[in-house]
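Here are my notes on this model, jotted down as numbered points. Have the coordinates open while you read, and start with the salt bridges.

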Amino acid sequence: MSRPTGTTELPTTGPDDARAALHRLRTEVGKAVVGQDSVVTGLVIALLCRGHVLLEGVPGVAKTLLIRTVATALDLDSKRVQFTPDLMPGDVTGSLIFDPRTAAFTFREGPVFTNLLLADEINRTPPKTQSALLEVMEERQVSVEGARRPLPDPFIVAATQNPVEYEGTYPLPEAQLDRFLLKLTVPLPNRDEELGVLRAHHAGFDPRDLTAAGVRPVASAADLAAARAAVGRVHVAEPLLGYIVDLCRATRGTPALELGASPRGATALLGTAKAWAWLAGRDHVIPDDVKAVARPTLRHRLRLRPEVELEGVGVDAVLDTVLATVPTPR
């Protein structure tokens, strides 16, 4: 679904109004998507930090609907790309097309020219196309024949992976996974939530018609800009900076891991902790803020040793141990 950016002007008078608007987002998204509050919060944090998100969940848990609904509620443009083995870099970024009427080449924008891009099953396309997208994510521009074309602001990529089907896939290497700010797990709904989904469909809910579902813009790009500025002013005391560094360094010395968090992981944890604190209504970070975002910020940056993985130990369990053993500043 694509919508023109900025079609609805919502007045914003300050960071408090922006925070209230972003909190309304959960209720608005809940009109179409049931039981994914934590994922919605993660997407908001990514927007506040100008970061990208890796979504992992089995097919059928409404990942596409979630992105479309968040974009609608934020009055942002969204596009979806289904990644396949034959997808070429130009299919994502855009390419030069010869126009016989003018005898000249013109640039045709690819789907990356949007605010929220859903890169569906990113691990199903070869590394060349993956790299083209990841370069755009880092540079936030497309360069063709020496001409630079900036992407809209805001711009984030929500890339999905299927955790149960790896045949015919091209897994992202660790250096590319590290480019994602967050890795969010999209869970299956519980029984009550799944009943709610069935009741909505029985009553005529059409996931392709969000307007009929009552989803409306409750925040805007102006709200995001005000929120980003406010997040940048969140204070982080020196002991908290040391705590973030100690957590990341502890992952590098954990026997269960053969790859720990890099300094990029530490800066990502700093940014997401500030965004979490601001959303919670504070102008400073506390240790609980760091702990709240440590798993989604770090889990995809770590690699288990093969023998540990064979024992059924997960990355989140290792992170739980690290969080429990690193001294918390008072």
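**Notes on the predicted model**

1. Arg301 and Asp178 are joined by a salt bridge between their side chains, at 2.7 Å from N to O. Arg301 sits in the loop between helix H11 (287-298) and strand E11 (303-304), while Asp178 is in the loop between H6 and E9, so this contact ties together parts that are 123 residues apart in sequence. Bear in mind that this is a predicted model. Arg301 is buried, with 5% relative accessible area. Asp178 also counts as buried, at 11% relative accessibility.

2. Asp178 has another salt bridge to look at: its side chain meets that of Arg264, at 2.8 Å from N to O. Here the arginine comes from helix H10 (residues 263-279) and the aspartate from the loop between helix H6 (174-177) and E9, so parts 86 residues apart in sequence are tied together. How accessible is Arg264? Arg264 is partly exposed, because its relative accessible area of 35% falls between the 20% and 50% cut-offs.

3. On to Arg228, which forms a salt bridge with Asp153; the closest N and O atoms are 3.1 Å apart. This pair also links distant parts of the chain, with Arg228 in helix H8 (residues 221-232) and Asp153 in the loop between strand E7 (147-150) and E8, 75 residues apart.

4. The peptide bond from Asp153 to Pro154 is cis, with omega near 5 degrees. Pro154 lies in the loop between E7 and E8, and that loop also holds the aspartate of the Arg228 pair.

5. For the overall tally, the structure holds 17 salt bridges. Glu174, Glu258 and Arg303 are linked in a network of them.

6. Now the sheet. It is open, has 5 strands in the order E2-E5-E8-E1-E9, and its pairing is parallel. Which strands stand at the edges? Strand E2 (78-82) and strand E9 (182-185) do, and each has a single partner strand, so one side of each is left without a neighbour in the sheet. From one strand to the next, the twist averages 20 degrees.

7. Arg80 has Leu118 in E5 as its bridge partner.

8. Two helices to look at against this sheet are H2 and H3. Helix H2 (residues 37-49) packs on the sheet and touches strand E1 (53-56), E5, strand E8 (156-161) and E9; the directions of H2 and E9 make about 165 degrees. Helix H3 (residues 63-73) lies across E1, E2, E5 and E8, and runs at about 175 degrees to E5.

9. There is also a hairpin of E3 and E4. Strand E3 (residues 94-99) and strand E4 (residues 104-109) pair in the antiparallel sense over 6 bridges, and Ile97 stands opposite Thr106 in E4. The hairpin has 4 residues between the strands, and Ala103 takes a positive phi near 55 degrees.

10. Arg50 lies in the loop between H2 and E1 and is partly exposed, with a relative accessible area of 43%. Glu121, likewise not a glycine, has a positive phi of about 55 degrees; Glu121 is found in the loop between E5 and helix H5 (127-139).

11. Last, the surface. Which residues form a nonpolar patch there? Val34, Val197 and Leu198 do, with about 210 Å² of accessible area together. Val34 is placed in the loop between helix H1 (15-29) and H2. At 32% relative accessibility, Val34 counts as partly exposed, and it qualifies for the patch because the cut-off there is over 30% relative accessible area.

Notes
Residues numbered from 1 in each chain as written. Predicted model: local features only at pLDDT ≥ 70, side-chain atom pairs only at ≥ 80, totals over all residues. Heavy atoms only, no water. Pairing = 2+ DSSP bridges. Axes fitted to C-alpha atoms, helices over the stretch in contact; angles between N-to-C directions. Contact = heavy atoms within 4.5 Å. Patch = residues over 30% accessible without salt bridge, like charges linked within 9 Å, V, L, I, M, F, W, Y side chains within 5 Å. Areas by Shrake-Rupley, 256 points an atom, 1.4 Å probe, with all protein chains shown as cover. Salt bridge = Lys/Arg side-chain N within 4 Å of Asp/Glu carboxyl O. Buried < 20%, exposed > 50% of the residue type's maximum accessible area, 1.4 Å probe, protein only.
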